[in-house]
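Please walk me through this structure, going from one of its loops to the helices that follow, and explain the terms along the way.

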Amino acid sequence: LAPGDAIVLLASSGIHANGLSLARKLVERLPQGYLSPVLPGLSYGEALLAPTVLYSPVTEALYKAGITPHYCANITGHGWRKLLRHPAQHRYRIDAVPAVTPVLSFIQQHAQQDDREAYSTLNMGAGFAIFVAAADAARTVEVAQANGVPAIVAGRVEAGPKELLIEPLGIRFGTDDLQLR
């Protein structure tokens, strides 16, 4: 992993395995509980049961395409702060964020979380990050999409202090934000 690498985010299918304690606690405050509508025809309970995307077919396809990721990170518990887990001192600058799945928007709204709290807890539409050479970024997106997983080139690795800047949302996470709660 080095400055100049691209950050490719692969879409999540919903809550995955992070934020489930919050999701269960939220049910107590919802008048219809698990039957609360997230979208017409989709209840909160059904949305929480969306199968988690498996990203191994994408990484296998990248290998077959001759693309070697420099680092990969599941965006699970601790949300987007997981992008900071690599031991090197780098700045991770995000220029584009994926669409947030309806269930995560629902949780954020009903739990009354601001964007910073939501992105520090939930995957907010990005289930997996792949760090590749900038020259391989567009091809990485193509390979992911060919395997049925939406993806975007979201940002880049830069020299600088260890921090994550989610610029479209004005969010900054630093090493102090890596502490477990």
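Leu49 sits in the loop that joins helix H2 (44-48) to H3, where helices (H or I, at least four residues) and strands (E, at least two) are DSSP runs numbered from the N terminus. With a relative accessibility of 69%, Leu49 counts as exposed; buried means under 20% relative accessible area, exposed over 50%, and partly exposed in between (1.4 Å probe, protein chains only). Between the C-alpha atoms of Leu49 and His16, 33 residues apart in sequence, the distance is 8.7 Å. This is a predicted model, in which local features need pLDDT of at least 70 and side-chain atom pairs count only at pLDDT 80 or more, while totals for chains, interfaces and linings use all residues. Residues are numbered from 1 along each chain as its sequence is written, and side-chain values use heavy atoms, with hydrogens and water left out.

Helix H3 (residues 56-64) contains Val58, which is buried at a relative accessible area of 1%. Leaving aside residues up to four places away in sequence, Val58 touches Leu10, Ile130, Val143, Ala144, Asn147 and Val149, contact meaning heavy atoms within 4.5 Å. The C-alpha atoms of Val58 and Ala144 are 5.4 Å apart, although 86 residues separate them along the chain.

Ala144 is also one of the buried residues of helix H6 (residues 137-146), along with Ala137, Thr140, Val141 and Val143. These cover an arc of only 165° around the axis, so they lie on the same side of H6, the arc being that of the directions from the helix axis to the C-beta atoms. Their cover includes strand E1 (6-11), H3, strand E6 (126-132) and strand E7 (151-158), whereas the face of H6 turned away from the buried side carries the exposed residues Ala138 and Ala146.
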